[in-house]
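Take a look at the sequence and the structure below. This short report covers helices and aromatic pairs.

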Amino acid sequence: FFSSRRRHTRLQGDWSSDVCSSDLSFGNMQFASKAGYLWLVLGLVAIALFTTAWLRHSRFGAYLQAVRDNEDAARAIGVNPFTIKLWATVISGALMGAGGAFYVQVFQYIDPALAFGPHTSVEALVGAIVGGMGTLWGPVVGALTLHVLADVTRNLFGQLPGINMVVYGCVLVLIVMFMPRGIIGIKFQKPKQSHPIPPVDKESV
C-alpha cells in the first residue's frame, strides 16, 4: 500500500484529481481522501490474516500440510490431493485478486511490468523471509521492515537506480545467516547452552 501511495502521488499528484465526485463510493472503491484507501487496505490485510489464522487451526490446513508433505500418504487416509490443491488455488487467487483490484482502483491504470515485475515479486518474497516464513505476522513485519529500509535508503542515497535491490539482497543474506527463522522467529530461538565438563573424580583415577 505504501509503495502504491508513493507511486500514485508521484504520477498523478492529487489523490482524487482524476475521480469525479459522482463516482466516489465504497462500491466503486473510490474515495475523496487517502484515508478511505488506507482503511480499505487495512480491511484486506485483516481478511488475509484471518484466513491465514483459520488455515493454521482448521482441518483444511491440516490437509494442506498432508498433501505438501506426502501426497500418497494423504491419499491413503482419504484426502483428495486434487481437491485440496484446487481450493488452495481458489483461496490464493481470491486474495491476490482483491489486492490487484485495490491496485487498479488506486492507480486507475495497470501495467504487467509495473504491477507484477521482478521488483514486486522479489519484494514480496523477501518480505516473507525477513519477517518469518510459516508465521502469521511474519510477512507483515517483513513488509514494514523493508519499507522502512527503503525510505531510509531513499533519503540517504536519493533515487540511485537499483539501490533498493542491493539493500534487500544484503538484508536477505544477513537474515539467512543470523536469523534463519526471520524476525518473528527470534523469540522462538533457544539460547545455546554450554555443557560444562564434569569434574574428574581423583579417587576413581
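This is a predicted model. Start with helix α2, where Gly36, Tyr37, Leu40, Val41, Leu49 and Thr51 are buried. These buried residues pack against α5 (81–107) and α8. Helix α2 covers residues 34–57, which makes 24 residues. At 1.5 Å a residue they should span 34 Å, and the end C-alpha atoms are 35 Å apart, so the two values agree.

Helix α9 covers residues 163–178 and has 16 residues. From first C-alpha to last, α9 reaches 23 Å, close to the expected 22 Å. Its buried residues are Ile163, Asn164, Val167, Tyr168, Val171 and Ile175. They cover an arc of only 135° around the axis, so they sit on the same side of α9. Among the elements that cover them are α7 (118–131) and α8 (138–157).

Now the rings. The count comes to two aromatic pairs.

| Pair | Centre to centre | Angle between planes | Type |
|---|---|---|---|
| Tyr37 and Phe102 | 6.4 Å | 70° | edge-to-face |
| Trp54 and Phe60 | 6.1 Å | 15° | stacked |

Tyr37 lies in helix α2 and Phe102 in helix α5, so their pair ties together parts that are 65 residues apart in sequence.

Phe60 is buried, at 14%, because buried means under 20% relative accessible area.

Key:
Residues numbered from 1 in each chain as written. Predicted model: local features only at pLDDT ≥ 70, side-chain atom pairs only at ≥ 80, totals over all residues. Heavy atoms only, no water. Helix = DSSP H or I, 4+ residues; strand = E, 2+ residues; numbered from the N terminus. Expected span 1.5 Å × (residues − 1). Buried < 20%, exposed > 50% of the residue type's maximum accessible area, 1.4 Å probe, protein only. Arc of directions from axis to C-beta. Contact = heavy atoms within 4.5 Å. Phe/Tyr/Trp six-rings, centres within 6.5 Å; stacked < 30°, edge-to-face > 60°.
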